Amino acid sequence: MTHQTFSKLRRALLGSAAVLTLSAAPALAAPQGIEPVAVSTGVAPAAPALMPVPASVSLPAGALPLSGGVTIQWDQQPSPLLTRAGERFTKRINMLAGRVLPEQVDTAQAGQVTSVPVHIQVGEDRDALTVHAKENYSLQVNASGVTLTADGPDGVLHGLATLAQLVTRGENGPQLAFATITDSPRFPWRGIMIDTSRHFMAVETLQRQLDAMELLKMNVLHLHLSDGTGFRVESKRMPELTEKGSHGQYYTQRELKDLVAYAADRGIRIVPEFDVPGHALALLLAHPELAAQSPVNPEPKNKNNAALDPTIPETLRFVRKLYAEMGKLFPDAYFHSGGDEVDPREWMKNPKIVAYMKDNGFATPQALQAHFTAEVQKILADQGKVMVGWDEVSEAPIPKEVVVDVWRSSKFLASASADHHPVIVSAGYYLDLLQPASQHYLVDPYDPAANGITRAQADKLLAKGGRPDLVNAFVKEPAPAPLTDEQKQYILGGEAPLWSELVTDEMLDARYWPRAAAIAERFWSPASVRDVNDMYRRLAVVNTELQLTGVQANTHRMALRLSPANADPVERLASATVPLRNYVMNRYVSHHGDALDEIGEVTSPDPFPAVRFSMLVDQYVAGDRSVVPALKAQMQIWRDNDAAFQQVARVRGLSEAVPTSHNLAVMAAAGLNALNSHKKKISSAEKKIFDQEEELINSSADVTGSFSGTTFPPGGLMIIAEPAIRKLVGL
C-alpha cells in the first residue's frame, strides 16, 4: 500500500466542516430525594457517563452494590440470541466492576453478599435487525433491583448497553447507579465503515469493533471489501478474483458467515460494499477483458482510477454473477455497490465507449454512469437487495429506490432527499481525516450546510490543477435551504467511514475509538445534545470502559516498539500533539518512505490530557484559580519531558520529532512562568515558536493544504496544546 492508492481529490476535499454554534446538553445532574442503598455516606461518586445520552434520563441519588454481581431474570424463555446477550452483559459487568472469578466468598459474610436482580421483559419484533426494528427500551434501577422493558430484542441489547454504563465506583467498591430511563434512537441507521481493501483487517479485529459498536448502540457495519488495492472475499464461482486480486489476504466464506452471525448477536447488520464501475483494479487483474482501458496496468500511480467498461454486456453479466454470490453471504436487505470517483478519462479515452455514448444519447460520463447504475439496481432488485451507492450516483436520474450515501458535501443530502432517495450521511464523519471528536460531534445529519468546502477553497484547488467537476462537487456555497419535514423522512441516519491507507490492523481500534462514540451519540441522541465539554467529560470515561471490555488501542505497544526501554517520553509528547489533519498526513507518510511505525501513528487525533488541559485553561481564564495546581503539574511534565525524549529519540520514527519536543518544552516553560508571574512578557524567540505552531494548526484546517507541497512539521505532528498555553501567556 502506498499513499497513491487514495484519491487525490478525496484527500484534498474532504476535510472541511462548518463551524456550528454550541448549545447546552440536557442536564444529567442527579436530583435528590431517594436514599442510597448499601452505600456509605461521604463524597458522592461522579454521575455515570452515559453515551449516547438517552432520550429521557433521571439519575436519583443511590446505588446498588455489585460485590455479588448480577443475576438476569427473564420474563419468558429467552431466545438463544438474548441468552447470549445476557451472558455477554454479565461478563462485561464483572469486567467493569473488577470482580475476580471464580469468586472466593468469606463464609462468615456469604449470607450478606447478594447479586443484583435484572428483570427483563421483551416483546416480539418481526422487524428485528432491520431499519424498522423496535429499538426502544425503558430502564429502572432502584432499591428493588433492575427492570428492563423492551418491545423487541434490539431494545434489550441497547438497554443492557446503557445498564453497563451505570456501573460506577463508590467508597465501598463497584455499584450500579439508580436511574429511570426511557430511550429510543433518533435515526435507525447508525454505522461505521471499515476499509479492508487497502489494509486487510483480521477477523478478530473486526469482532472487537462489533463489540464496541454494541456498547455504543451502533447497528450497521459497512464493510468495504473490494477496491483497487485488493479483493477480500473468497469466491467459489470465480476463484480467480482472490488468486489474482487479493495478495493472499482475504476472508473465507465461512469466516464471513460467522462474522455476520457474530454481528447479528450484537444487534448489528453487515452491509457489504463491492465497488463498481470505478475502483475496479483488483477485479480487472482477474478479468482484464472488462477494463475500460487496456492493457491493465497492475501497478498504476493511482490504484483507484481503473474502471470497468459499462458498454459491453459482459460487464453486467460479471456484476450479476459476483453480486449473486456475495449477496448470499450477507443476508441484509442492503447492498453497497460503490459508484464513486469514476474518472471520466477512463471512458473518454476509449473510442468504442465514446462511440457508444454518441449512439445512445449519453452526453456526459455522468449520464452513462446513471444508465449503468440503473442496470446495477435492477440486478440487485432481482436478487432481493436494496442498492446503496455513494452520492456520485445521484448526479443524474436514477431509480428512487437507490439509497444515496452522501460523502462529498452535505448539500447532496438536500438534493437526494428532495428527489425522494433514502439517504445515509457520511459527510462530516470521516475518521481518517484525523479531526477531533468535537468537529464530527457538531455535524448534524439533517444539516445540508454542515460539511463541504468554501468557494475560496475551491478556487485555490482549481488554481492548483483540480478538475472542476470534482472540486465543485465539494463546494457547500451557497448553502442549501434547511430540509423540509418531508425531506427529513428520507434521512436514514449516518456512518463514520475510516479509509485505511494509513491504518493497519494494529492501529484500527485507536483510530475508531473513542471518536466514533461521539458520532454514535450524534446518530442516537436528541439534536439538542451538543455540549462539547460535557461530551469530552463522558468520552474519557467511555474510552476507559471500551478498553476494559476489549478494545485494543495498541498505542502503548507501538510506543514501546519505538522506545523499548522507556516509552514514557514518547507517550508524554503524544499527550500534547496530534497527527497532521485533512490528509496532509498521507503526504507526510508518502515523503517518509510510507512508514506506518512512527510517532505520528502513536499520537491520537484527540489526546485526552491536552483536551483536559484546554478545559482547565478556560476555567482559569474565567477566574477559577483552583485549577492552577493541575495546570502547573501538566506543564511541568511537558517542559521536563524534552530532555527525556531526546535520550530515546535516536531512532527513525522518533528522531524527526525532536524539534517538536523542544517547542513543546519552550511553550510549557512560558506557561509556567506566566502562572508564576516570573516573567510578564515572552521573548521574541518564544513568540516565534508559538506563532509557528499556531499557523500550523490553523493551516491544517484548510483542505487546500492537502493537495500539494512537500514541507512538513517535524515528526508530522502539531502541538495541539499550543492554543491553550497561548491563552495563559496572553498572546
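In what order do the six strands of the open sheet stand?

## The sheet

The order is S1-S9-S5-S6-S4-S3, and the pairing is mixed. Two strands count as paired if DSSP finds at least two bridges between them. Strands (E, at least two residues) and helices (H or I, at least four residues) are DSSP runs, numbered from the N terminus. Strand S1 (56–58) and strand S3 (70–74) stand at the edges; each has a single partner strand, so one side of each is left without a neighbour in the sheet. On average, neighbouring strands of this sheet are turned by 10 degrees against each other, direction ignored.

Val118 has Val146 in S6 as its bridge partner.

## The model and its numbering

This is a predicted model, in which local features need pLDDT of at least 70 and side-chain atom pairs count only at pLDDT 80 or more, while totals for chains, interfaces and linings use all residues. Residues are numbered from 1 along each chain as its sequence is written, and side-chain values use heavy atoms, with hydrogens and water left out.

## A helix across the sheet

Helix H3 (residues 153–165) lies across S3, S4, strand S5 (137–142), S6 and strand S9 (179–183). Contact here means heavy atoms within 4.5 Å. The helix runs at about 35 degrees to S5. Axes are lines fitted to C-alpha atoms, for helices over the stretch in contact, and angles run from 0 to 180 degrees between N-to-C directions.

## Cis peptide bonds

The peptide bond from Val276 to Pro277 is cis, with omega near 0 degrees. Pro277 is in the loop between strand S12 (269–274) and helix H7 (281–286).

Glu477 and Pro478 are also joined by a cis peptide bond, with omega about -10 degrees. Pro478 lies in the loop between helix H15 (468–474) and helix H16 (485–488).

## Positive phi outside glycine

His247 is not a glycine, yet its phi is positive, near 55 degrees. The residue sits in the loop between helix H5 (240–245) and helix H6 (253–265). Is His247 buried or exposed? His247 is exposed, with a relative accessible area of 54%. Exposed means over 50% relative accessible area, buried under 20%, and partly exposed in between (1.4 Å probe, protein chains only).

Leu434, which is not a glycine, has a positive phi of about 60 degrees. Its place is in the loop between strand S16 (423–425) and helix H13 (437–441). Leu434 counts as buried, at 7% relative accessibility.
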